Amino acid sequence: MNFEALQRIVASNAQGRGVSALCRAEYWKNALQLFIKASRILIITGFYIEKAGAPETDGPPGAVALGRALERAGKSAVVLTDRRNYPCLRGCSESVDGPVTVSVDDYGEIPADADLLVFIERPGHASDGRYYNMEGTDVSGVTAPLDRASEVFLKRGVPVLGIGDGGNEAGMGLLYDSLAARLPQYGPFLSKVPATVCLPVDVSNWGAYALTAVLSAFYRCWLGLDYGEEEAMLSAVLDAGAVDGVTGRPDHSVDGISLTELNDTALKIKNWYSEGFKI
């Protein structure tokens, strides 16, 4: 597969954060291998914006799209989040006939029978054990410690995949040294949560959408989003109270990116598959 071409779509430093510049083609290959070997996948998402008193629009759509793609590939997928983010996640999944969603508030409640754990835009604790947003503000008071499941699963020999766009997400600890060197002022707020593989991308949803295209190429049938589903999911999360994590407004946007550009990127991802980027 031409992973370099896929990276140009979803990991080109479009947001100017410098995080996605660390993405490499082999990360996508390694992520695919994790999915091929797995049969029961847990996906954890949900980032609560404390100053807005609402979940953000990035995370749930990607988690739902990826979970649904895995189900279409014949695997079991469940998407989890905490109670603050759950109404948005549930609505998002129902809007596109997505996977089962579950609300948990402690990592000890997470089912233990999975053979792959995936984090998508989920806060990961920093070196001091606290959680921080992109402004370096402590948001531990509104963040359930679901990221702690990473170490538990890894100790059991279960692989973990992390997807993030800011460096403060669960799983991004795998690239901590590189991220700290690239973002020295943000170093104290970077995630230390480990993973087997992590994907630093421009927008976390896009990382998940790209993985649906990778899975589609492997299984030789389209498993990802179709036209209109991005808007349907955003409408559902907005109806449940979500806001854009960058603007803080309840708009059909993600990280300040308009619906038009989001649809354009989703189409580019599908074209990457349909134009012959297959095994």
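This report walks through the cavities, pockets, helices and cysteines of one predicted model.

## Ground rules

The model is predicted, with local features needing pLDDT of at least 70 and side-chain atom pairs counting only at pLDDT 80 or more, while totals for chains, interfaces and linings use all residues. Residues are numbered from 1 along each chain as its sequence is written, and side-chain values use heavy atoms, leaving out hydrogens and water.

Rolling a probe the size of a water molecule over the atoms shows where empty space is left. Here the work is done on a 1 Å grid over the protein atoms alone: a cavity is a set of points where a 1.4 Å probe fits but cannot get out, a pocket is an open set with protein on both sides within 12 Å along at least five of seven lines, and lining residues have an atom within 4 Å of a point. Grid points are joined across faces, edges and corners, and a volume is the space filled by probe spheres set on the points.

How many cavities of 30 Å³ or more turn up in the whole structure? The search finds two. The largest cavity holds about 50 Å³ of space, and its lining is made of Tyr 209, Thr 212, Trp 222, Leu 225, Ala 266, Ile 269 and Lys 270. Sorted by class, that is five nonpolar, one polar and one charged (Ala, Val, Leu, Ile, Met, Phe, Trp, Tyr, Cys and Pro count as nonpolar; Asp, Glu, Lys and Arg as charged; the others, Gly among them, as polar). Helices H7 (204-219) and H9 (259-274) each put at least two residues into this lining, and H9 gives the most, with three. The second largest cavity comes to about 30 Å³. Among its lining residues are Asn 13, Arg 17, Asp 165 and Asp 202, and its lining splits into two nonpolar, five polar and three charged residues.

## Open pockets

The largest pocket has a volume of about 300 Å³. Its lining takes in 19 residues, with Ile 49, Asn 133, Met 134, Gly 245 and Val 246 nearest the centre. Charged residues number ten here, next to six nonpolar and three polar ones.

The second largest pocket has about 160 Å³ of space, and residues lining it include Leu 225, Tyr 227, Glu 229, Asn 263, Ala 266 and Lys 270. The elements giving two or more residues to this lining are H8 and H9. H9 again gives the most, this time five residues. By class the lining has four nonpolar, two polar and five charged residues.

Helices (H or I, at least four residues) and strands (E, at least two) are DSSP runs numbered from the N terminus.

Buried here means under 20% relative accessible area, exposed over 50%, and partly exposed in between (1.4 Å probe, protein chains only). In H9 the buried set is Leu 259, Leu 262, Asn 263, Thr 265, Ile 269, Trp 272 and Tyr 273. These pack against helix H1 (3-10), H7, helix H8 (229-239), strand E9 (253-254) and strand E10 (257-258), where contact means heavy atoms within 4.5 Å. An α-helix has 3.6 residues a turn, so residues three or four places apart point the same way.

Over in H8, Glu 229, Glu 230, Met 233, Leu 234, Ala 236, Val 237 and Leu 238 are buried. Their partners are helix H3 (60-72), helix H4 (86-95), H7, E9 and H9. Just past H8, Gly 241 has a positive phi of about 110 degrees.

## Two residues worth a look

Thr 212 sits in helix H7 and lines the largest cavity. Is Thr 212 buried or exposed? Buried, at 2% relative accessible area. Leaving aside residues up to four places away in sequence, Thr 212 touches Ala 65, Leu 66, Ala 69, Trp 222, Leu 223 and Gly 224.

Arg 24 is in the loop between H1 and helix H2 (25-37), and at 37% relative accessibility it is partly exposed. Its C-alpha atom lies 8.4 Å from that of Leu 199, 175 residues away along the chain.

## Cysteines

With a disulfide taken as a pair of cysteine sulfur atoms within 2.5 Å, the count is zero. Cys 92 is buried at 0% relative accessible area, whereas Cys 221 is partly exposed at 34%.
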